[in-house]
Amino acid sequence: MIVRDAPRALDLIFAIRGSILPRIALRLIALMGFAALLVWLDRRADLLPETGGLGFTVFGIALSLFLGFRNNAAYDRWWEARKLWGGLLADMRSLAREAEVFVRDDALRLSLLRTARGFLHLHRANLRGLGGDELAQRHGGTLTDAPHPPDAALDAMAALVKQGALGGMIDSFGQRTLAERLRSMALKQAGCERIATTPLPYVYSLLIYRTTWLFCLLLPLALVGPAGWLTPVFVGIVGYVFFGLAEVTEELSHPFGQTPNGLPLDAICRAAEISLAPHLDEEAPAPLEPKDYFLS
Amino acid sequence: MIVRDAPRALDLIFAIRGSILPRIALRLIALMGFAALLVWLDRRADLLPETGGLGFTVFGIALSLFLGFRNNAAYDRWWEARKLWGGLLADMRSLAREAEVFVRDDALRLSLLRTARGFLHLHRANLRGLGGDELAQRHGGTLTDAPHPPDAALDAMAALVKQGALGGMIDSFGQRTLAERLRSMALKQAGCERIATTPLPYVYSLLIYRTTWLFCLLLPLALVGPAGWLTPVFVGIVGYVFFGLAEVTEELSHPFGQTPNGLPLDAICRAAEISLAPHLDEEAPAPLEPKDYFLS
Amino acid sequence: MIVRDAPRALDLIFAIRGSILPRIALRLIALMGFAALLVWLDRRADLLPETGGLGFTVFGIALSLFLGFRNNAAYDRWWEARKLWGGLLADMRSLAREAEVFVRDDALRLSLLRTARGFLHLHRANLRGLGGDELAQRHGGTLTDAPHPPDAALDAMAALVKQGALGGMIDSFGQRTLAERLRSMALKQAGCERIATTPLPYVYSLLIYRTTWLFCLLLPLALVGPAGWLTPVFVGIVGYVFFGLAEVTEELSHPFGQTPNGLPLDAICRAAEISLAPHLDEEAPAPLEPKDYFLS
Amino acid sequence: MIVRDAPRALDLIFAIRGSILPRIALRLIALMGFAALLVWLDRRADLLPETGGLGFTVFGIALSLFLGFRNNAAYDRWWEARKLWGGLLADMRSLAREAEVFVRDDALRLSLLRTARGFLHLHRANLRGLGGDELAQRHGGTLTDAPHPPDAALDAMAALVKQGALGGMIDSFGQRTLAERLRSMALKQAGCERIATTPLPYVYSLLIYRTTWLFCLLLPLALVGPAGWLTPVFVGIVGYVFFGLAEVTEELSHPFGQTPNGLPLDAICRAAEISLAPHLDEEAPAPLEPKDYFLS
Amino acid sequence: MIVRDAPRALDLIFAIRGSILPRIALRLIALMGFAALLVWLDRRADLLPETGGLGFTVFGIALSLFLGFRNNAAYDRWWEARKLWGGLLADMRSLAREAEVFVRDDALRLSLLRTARGFLHLHRANLRGLGGDELAQRHGGTLTDAPHPPDAALDAMAALVKQGALGGMIDSFGQRTLAERLRSMALKQAGCERIATTPLPYVYSLLIYRTTWLFCLLLPLALVGPAGWLTPVFVGIVGYVFFGLAEVTEELSHPFGQTPNGLPLDAICRAAEISLAPHLDEEAPAPLEPKDYFLS
């Protein structure tokens, strides 16, 4: 995730980090070149048909609304993913507190919390498709090899609760409270999995990219008359807005990716470690800082 | 569900799988032919009245907003359905864990989990209207013949809990916890049923298809003057956007259908089986893979 | 509720059942006649001032947005009402299961479930303002005469739970579980009442109908110049879209009405009866089928 | 709240009750007079510059979207407030039922319910800023003088629960159930307070009123050319739509006010009294009826 | 937060407090000067190309929709933050009541409530990044030095609950109830942290500011022909709407800032103190009043 203040005057012109421009620059140049070619043809041979603007107004509005919908849907996915991870952070902290209250055995309590920390890293590695993530292996141990590692970590926590219940170290109220906590974590984990495995319908992507290309390629026909040599400029700007939004949307709709707009899962895991540290009698690590405005 | 990456340059031109184009191609060809006919008539006999663009701008915007609304509503249904199934997956996993903690009899526990697995397949078959689904019959057994099979499966689970309670294998806390789990599953099952049995109001479909046809058929009147022989092209594009969106919307609003945009219920059921396997002392099956980009 | 598949070619032209057209036909004919009169006057005496389209574009967009808002709000009411009834259905099923687990007396259990079934019918009759509904009277008995029948039914259920608690037939966990179930039903019942007694603000209706009329009556002023004798056609189409949407919106915002777009409360009550039947040792009735595409 | 059916033909022309027109009539007359003056000046001296419509189209769309946003936000506040009060009504009914089940002392139970009724009236008076509300004083008694009366009422209810717990009249399950009920009421009360004390950001009001005035005052510049003496009519209509919506929005965003669009808190309190009556062994009062279409 | 009534006639012209105008005045003057320069150049040398309005209509609509999206997202953040703090206020009150019911030791109870009050101030100081906040230090004591002060305060509360449980001053039901309360507070605290640490994606800011500047700088090209010397006025107004909205959006998306549109956290903390006072046997402080319309 890019962490920067609101852009200032100079950023507006020069900011590259966090900008979508580099990703779409090639397309824009191609579009503008094509538009320039059309203007040149028109000036030279008057070959182009002059189409009025009506079709473009309706087309442009429909496209804007459609891009707007997709943008909303992508942002909602991103923000829901962030909410789920914020909820997991709160769950980790609550688990630590509830374990203090309800688990009457320190070894068991520490074991539970360590497995929970392992769960978080395994969940992160699973969402990001990181095979041999170092932190996941360090905290997850043998669970890394399970068919579904985060699921196995929650299973291991349930087994610890059962062991505590059988050994009289957790009473019935504690069992119920901890079972609720596990359920809440499982719900959020499944929510993240849902977002990760269910992309926005592919048909939208196809429809949007196809119509955006059509719009930008045909636009010169309507502009060449009134705007002349400014046509490539306008086509470039319209392409910047539409392709820019489409690309942002693409990135935001995959919130667990390690892209500039992906969620800072590493930093959230670190925040959980900081909160768990006093309960594990460990020293709290420092919070993760952004590098070159980027928080991983 | 179609599982593909963001479309690349060549996909934009050639992708058929996952595209809505084949479904609306006939209509588009008819529309473009009709538009070409009008242009020819106009060129030949100047019979067509020239209507300004005003009516079309307002009409087009109203239609766009309306299609946008329907698209939102359909996508919300689709996404809510996906959330409900994600929640069911989480419920299955939590049930397995809670059974470990609260059920003090292995035979009963296995019986409960197997019935839960049966419930999931029966629910899937019920939503998709699959009479003799093989997996539902294998896991659901005699429950398949009940008037409402998934409901009967949940009844059977409640009966198992009662039996465990009477036999002293589940204490009061466990009864309450498992009763909550069943309630949560019943709520999600009823939510899916709600979406399956309550389509988007039919009046919207009628209003949308009628106005889309009217718009596309009348559009040449406004375009023939300024756009001439490009009229069929514009009509084709506008028809592609509007009919394409209407069709996508139609598909998404039936999220349990076995269409290219239907939810991958088979894959979710498989994921649940994978998670249940260690609790049932079975070997986990492999996750379902998409075939020709399609995950059923 | 109208239950039909997506409209096919012929439906688009001829479908009446489920269409909003009959409801607004008179208005549309009046509008088109008025527009034709204006064109005739204009052709004959050139009395009409020619107004450009600018005012209409802005006016039309504002009106579209406003209608869109109202449509959203109405659809949300309709869908929320459907969710509440879906939740009640799930509550009925969960109640039946929880009663199996927690009520250790069959007569009391049957009494509880029968009162619950009575509650559902009383609630339905109350929402629809049906004085002497036959099913409500059969299942509700004397509760029909209470000042607030569904409320009285829930009171009766609470009294049964209390009786079971005093008689030792329901333990403390069961009391809490059943009290939660009653609360959940009361919450949904109050939600339905909220929707039924709080219409969309009247001021919106007034604003929308007034501006729609103004727009449609003034529109010929802008169209008569460019569109000539096609003016009535355009006015008719614009009127169809705007009035059609306004009427649909009006119907959907009263989801409990017995209109073509009202919710199928009878069918949902029947579904609840089917699910309760095995718990009441009764034979399950057949599901309600739509008549002439209409499910009541 | 205005309670009327959908407006009929005559209402559209003559309805004043519930209309926003009287509130904005002065402004509209001023606007139309100003527009007429400009037309007269233009006809007489041709002093006005002719500005094309482009600026107005973009400006008008931006303003429409902005008004639409504010309308959405205001309606959401209104509807959320209605939901909170509907939830409080359900809470009162559930409290009465739970008290029947869990409180084993009638005097204490009656005391609890009466304080709850007092809470509702104190809450209403507090939200509406009514100093000496008669009903609040009758049912709230000395609690009226507390720094925060509804809060004090909930404190008094908690004290009653504690007293019952110490006296053995409420067991642990009952304490937990009633504590949850109090928490649920406190949450809704705080929700209402939030809406009452946190208006929509003032900056929106300023931005909206300023831009609406600017738009309406400048609009004649674009209309005077094409529309001539119809200019004041169009300006009046556009002003009606924009100012009307702004005013409705203003009213709806203060849902607890005693305006035509304020929520009918008196009627909801009465409904709660009707539901509590049988539990208090009192006779149920009659429901509140609208006076001149207005339900207070 | 600015607390003012709906703006009146004079406010519209003169209100500065709460207006966004001072923040964007420089930009608007620059824009208008630039536009005036272009008009002067055009009049003098006819150097400017005349571009039709088509590009601007589509561009303007796309920009409006995009600004509208960002405004929605920012307002949602602001309102969610307000909801979280309203929920924390309700939690504080419920905690005080639940402590009365479930904690059978007054010293422990007072200790718990005082730590809760400290938590609220530490949470506020943490969100606002206030190092040496006086109230946080007075009520938070040594917790101020913890790596994560509000987290440490909740840990301290959990330790008090554990101490009460071990000492027999809180029974199992009380432990569960208070643990739920702590979890609810932790969830809201993590929600606020989420909003504070996860700004709106930076790429949106960049895209919006860049396109807004482009639009305003190019707009004169389309206006100079039809609008002449009124061009700077229109450019100024369009700039006012777009930049104004962008700035408001920027402020609202940081709801915990001490800006004119930041949330009144001080006042909410004070409201919590007022509600806690009777439970702490202290005198309730006066509510915080706005100064110069500003509530901090």
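## Exercises around Gln175(E)

Setting aside neighbours within four places in sequence, Gln175(E) is in contact (heavy atoms within 4.5 Å) with Val101(A), Phe102(A), Val161(E), Ala165(E) and Ile170(E). Keep in mind that this is a predicted model, where local features need pLDDT of at least 70 and side-chain atom pairs count only at pLDDT 80 or more, while totals for chains, interfaces and linings use all residues. Residues are numbered from 1 along each chain as its sequence is written, chains are lettered from A in the order in which they are written, and side-chain values use heavy atoms, leaving out hydrogens and water.

**Exercise 1.** Work out where Gln175(E) is placed and whether Gln175(E) counts as buried or exposed.

*Solution.* Start with the helix: Gln175(E) is in H7, residues 172-197 of chain E (helices are DSSP runs of H or I, at least four residues, numbered from the N terminus). Next, take the relative accessibility of Gln175(E), which is 8%. Buried means under 20% relative accessible area, exposed over 50%, partly exposed in between (1.4 Å probe, protein chains only). So Gln175(E) is buried.

**Exercise 2.** Describe the contact between chain E and chain A.

*Solution.* First, the residues: chain E brings 57 and chain A brings 66. Then the area: about 5,500 Å² is buried, with carbon and sulfur atoms giving 69% (the accessible area, 1.4 Å probe, that two parts lose on being put together, summed over both). Last, the charges: there are 8 salt bridges across this interface (a side-chain nitrogen of Lys or Arg within 4 Å of a carboxyl oxygen of Asp or Glu). Arg97(A) and Asp151(E) form a salt bridge, with their closest N and O atoms 2.4 Å apart.

Conventions:
Helix = DSSP H or I, 4+ residues; strand = E, 2+ residues; numbered from the N terminus.
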